[in-house]
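Here are my notes after a pass through the model you sent over.

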Amino acid sequence: MVVLRLLAALLLTALLAAPLQAKDKPPTGYDNSRDSFVYDGRQNYPYVIRGVMIDWELACLKGKSVACLKLAKAFETGFGIIRADQRAAVGYFMEACKKGSGEGCVRAAEMLREGTPGYKLPAMAQQQAERGCNQLKFQPACASLAVSQASAAPTGSTQSDALLAKACAGGDDTGCRNRANALFYSRQDATSRAEGLKLYEPACRSRRSWGCMGMADAYRNGWGVAVDPVRAAEFERIGCVETTGDKLRLCTYHGERLTKSGNKADLNRGEQYLAASCSANDGQACFYVSRLFLLGL
């Protein structure tokens, strides 16, 4: 039964994945294919593309930054038969940046800074942000540059705090997230947590997963607010179901609460959320799934 539910959850996740562009037909196994490569910050990384992505690649090679962005986003999320591949994605965000896309510079910097492709290249991340800010005059890249500079400064230092505050004020989502997390999870004093909550709550209202995560943790644990399981559960639900970004742990929390509701339909939905999180390597979700199996639920 648990295996079937795992498969059902994986199918549900696939069905909910939205195509990159409604007007661009996602490639299938019947489309023409092409072997190619892109520089991913460390090496020329090989991949296979199909269908409309071949046209995008040719346009990207001719200097069309929009086409480079399409390829980057296709590899970032997966597109038709083409599976998500973060190394190819970061390579094409870098290509988009090189060809004049500030958006490409910002995303490449973020991925290389945070290790999304499986490795971190802080110096290269800063180069991407610097190009977007100083050469392309793209304001979000200036905020991203401040985040990169903050990452190089000692954690919790005045310099780091000032740079993160600058990035957040400049509209950089990563800057706001990092600043909120530094205030809330690293410092932990009442004043800092209160400041962190001021960033988390509006972020959650704007459907940013990191904002809902902070609010859920606050009400689950009584950090900066009184313990309130009902409010914690609602932030977990919103974060899992309605937000963008990394919401794996939120779905684990939401799924675990559903399995305790006493309602059979909620139990089934909760198992599906937990199975999906477990399949995405959230160890806590795997523990909850195992516990349900041992309890015979």
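1. Overall picture. Keep in mind that this is a predicted model. The protein chain has 15 helices and 2 strands. Of its 297 residues, 45% are buried. If you look at contacts between residues at least 6 apart in sequence, 49% of them join residues at least 24 apart.

2. Helix α4, geometry and ends. This helix (86-98) has 13 residues and runs 18 Å from its first C-alpha to its last, close to the 18 Å you'd expect at 1.5 Å a residue. Its N-terminal end is capped by D85, with a side-chain oxygen 3.2 Å from the backbone nitrogen of R87. After the helix comes G100, with a positive phi near 110°.

3. α4 is mostly covered, with 11 of its 13 residues buried. The buried stretch takes in R87, A88, A89, V90, G91, Y92, F93, M94, E95, A96 and C97. What covers them includes both β1 (33-39) and β2 (44-50), along with the helices α2 (52-61), α3 (65-77), α5 and α6 (122-135).

4. S101 sits in the loop between α4 and α5 (102-114). Its relative accessibility is 6%, so it counts as buried, the cut-off being under 20%. Setting aside residues up to four places away in sequence, S101 touches S65, L69, A96 and L136.

5. D31. You'll find D31 in the loop between α1 (2-16) and β1. With 24% relative accessibility, D31 counts as partly exposed. Its side chain reaches the backbone nitrogen of T28 at 2.8 Å. Beyond its neighbours within four places in sequence, D31 is in contact with P26, R50 and G51. R50 is 19 residues away along the chain, yet the C-alpha atoms of D31 and R50 are separated by 5.9 Å.

6. Helix α10, length and ends. Does the length agree with the residue count, or disagree? It agrees: the 16 residues of α10 (190-205) should span 22 Å at 1.5 Å a residue, and the end C-alpha atoms are 23 Å apart. At the start of α10, a side-chain oxygen of D189 comes within 3.3 Å of the backbone nitrogen of T191. R207, which follows the helix, has a positive phi near 65°.

7. The buried residues here are S192, R193, G196, L197, L199, Y200, A203 and C204. Their cover includes α8 (158-169), α9 (173-187), α11 (209-221) and α12 (229-242).

8. The α9/α11 pair. Two of the helices covering α10, namely α9 and α11, also pack on each other at an angle of about 15°, with their axes 10 Å apart. They are therefore roughly parallel, and α9 passes α11 in a left-handed crossing. On the α9 side the contact is made by D173, C176, R177, A180, F184 and Y185, which meet W210, M213, G214, D217 and A218 in α11.

9. The α11/α13 pair. α11 also packs against α13 (248-259), at an angle of about 45° and with the axes 10 Å apart. That makes α11 oblique to α13, and this crossing is left-handed too. S209, C212, M213, A216, D217 and R220 in α11 meet R249, L250, Y253 and R257 in α13. M213 and D217 are on this list, and both also meet α9.

10. Backbone angles to look at. Most residues other than glycine have a negative phi. K137, in the loop between α6 and α7 (139-152), has a positive phi near 60°. At 65% relative accessibility, K137 counts as exposed. Q188, in the loop between α9 and α10, has a positive phi near 75°. Q188 is partly exposed, with a relative accessible area of 47%.

Notes. Residues are numbered from 1 along each chain as its sequence is written. This is a predicted model: local features need pLDDT of at least 70, side-chain atom pairs count only at pLDDT 80 or more; totals for chains, interfaces and linings use all residues. Side-chain values use heavy atoms; hydrogens and water are left out. Helices (H or I, at least four residues) and strands (E, at least two) are DSSP runs, numbered from the N terminus. The expected span of a helix is 1.5 Å times one less than its number of residues. Buried means under 20% relative accessible area, exposed over 50%, partly exposed in between (1.4 Å probe, protein chains only). Contact means heavy atoms within 4.5 Å. A polar contact is a pair of N or O atoms within 3.5 Å; within protein, one must be able to donate a hydrogen and the other to accept it, and residues adjacent in sequence count only if both atoms are side-chain atoms. Axes are lines fitted to C-alpha atoms, for helices over the stretch in contact, and angles run from 0 to 180 degrees between N-to-C directions. Angles under 35 degrees count as roughly parallel, over 145 as roughly antiparallel, 65 to 115 as roughly perpendicular and the rest as oblique. A crossing is left-handed if the near helix is turned anticlockwise from the far one by less than a right angle, and right-handed if clockwise.
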